[in-house]
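My notes follow in the order I looked things up.

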Amino acid sequence: MTHDSRPLAVFDLDGTLADTAHRQRYLECRPRDWDAFFAAAPDDPPLAQGVDLARRSAEECEVVYLTGRPERCRADTEAWLARQGLPAGRIWMRRNDDRRSARRTKLEILRNMARKREIRMLVDDDELVCDEAVRAGFPVVRADWSDTSETLKSAQEKEGRT
């Protein structure tokens with residue numbers, strides 16, 4: 001089986017592979033400090049269950065990443081993935097000015113991916129993203145191995161920031 005014909009395993013980052021607990025404090029204040037929140041991302045500890053699943057998935061799938069992080073975080077994100085020894089793969093990121101909900105942006109990208117490749121699984125911690133993906137017929141693994149604050153959940157859905 002060639003690399004281009006393998007199914008895709010699509011992984012979210014924040015709350016799935018990366019533990020954001022140490023930087024969620026930047027979202028507790030008003031106004032939220034998004035610059036500090038994303039600047040602290042390189043220091044995220046890895047979430048062992050997500051990292052292990054990504055590595056195992058690479059045996060049969062091409063691993064790609066679908067994140068709500070803005071494009072301006074690309075270099076930090078690529079470096080973080082490499083430091084964790086995660087499989088190399090394409091990273092889909094939110095445009096810097098895109099404030100749509102995570103479930104809208106991610107489902108749009110998933111549908112575009114599915115036109116060309118089989119999606120073996122989407123692994124995400126956002127319940128609303130997972131619910132939408134299931135309704136759209138995608139196989140979903142719910143990343144329930146981290147604690148995501150209500151503030152971050154609200155930011156993902158209402159503010160379109162991550």
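I started with Tyr65 and found its bridge partner in β3, Ile91. This is a predicted model, so I kept its limits in mind: local features need pLDDT of at least 70, side-chain atom pairs count only at pLDDT 80 or more, and totals for chains, interfaces and linings use all residues. Residues are numbered from 1 along each chain as its sequence is written, and side-chain values use heavy atoms, with hydrogens and water left out.

**Strands β2 and β3.** I checked how β2 and β3 run, and they are parallel, joined by 3 bridges. Two strands pair if DSSP finds at least two bridges between them. With α3, these two strands make a right-handed β-α-β unit. Right-handed means that, with the strands pointing away from the viewer, the path from the first strand over the helix to the second runs clockwise. Next I asked which residues of β3 are buried on each side. Ile91 and Met93 are buried on one side, Trp92 and Arg94 on the other. Buried means under 20% relative accessible area, exposed over 50%, partly exposed in between (1.4 Å probe, protein chains only). In a regular strand the side chains alternate between the two faces of the sheet.

**Overall layout.** I counted 6 helices and 5 strands. Helices (H or I, at least four residues) and strands (E, at least two) are DSSP runs, numbered from the N terminus. Along the sequence they read β-α-α-β-α-β-α-β-α-β-α. The protein has 162 residues, and 52% of them count as buried.

**Cores.** I looked up the largest nonpolar core and found 26 residues in it. Such a core is a set of buried Ala, Val, Leu, Ile, Met, Phe, Trp, Tyr and Cys residues joined through side-chain atoms within 4.5 Å. Phe11, Leu17, Tyr65, Leu81, Leu86 and Val123 have the most contacts inside this core. The elements giving it two or more residues are β1, α1, α2, β2, α3, β3 and β4. Another core lies apart from it, with 15 residues, among them Leu8, Trp92, Ala102 and Ala133.

**Val10.** I found Val10 in strand β1. Val10 counts as buried because its relative accessibility is 0%. Leaving aside neighbours within four places in sequence, its contacts (heavy atoms within 4.5 Å) include Val64, Leu66, Leu110 and Ile119. I also compared Val10 with Val140: they are 130 residues apart in sequence and 9.4 Å apart in space, C-alpha to C-alpha.

**Thr16.** Thr16 sits in the loop between β1 and α1. Is Thr16 buried or exposed? It is buried, because its relative accessibility is 0%. Its side chain reaches the backbone nitrogen of Asp125 at 3.2 Å. Beyond four places in sequence, Thr16 touches residues including Phe11, Leu47, Val123 and Trp145.

**Helix α5.** I listed the buried residues of α5 (127-135): Val129, Cys130 and Ala133. Seen down the helix axis, they fall within an arc of 100 degrees, so they line one face. The arc is that of the directions from the helix axis to the C-beta atoms. These buried residues pack against α4, β4 and β5. At the start of α5, a side-chain oxygen of Asp126 comes within 2.9 Å of the backbone nitrogen of Leu128. Gly137 follows α5, and its phi is positive, near 95 degrees.

Notes: A polar contact is a pair of N or O atoms within 3.5 Å; within protein, one must be able to donate a hydrogen and the other to accept it, and residues adjacent in sequence count only if both atoms are side-chain atoms.
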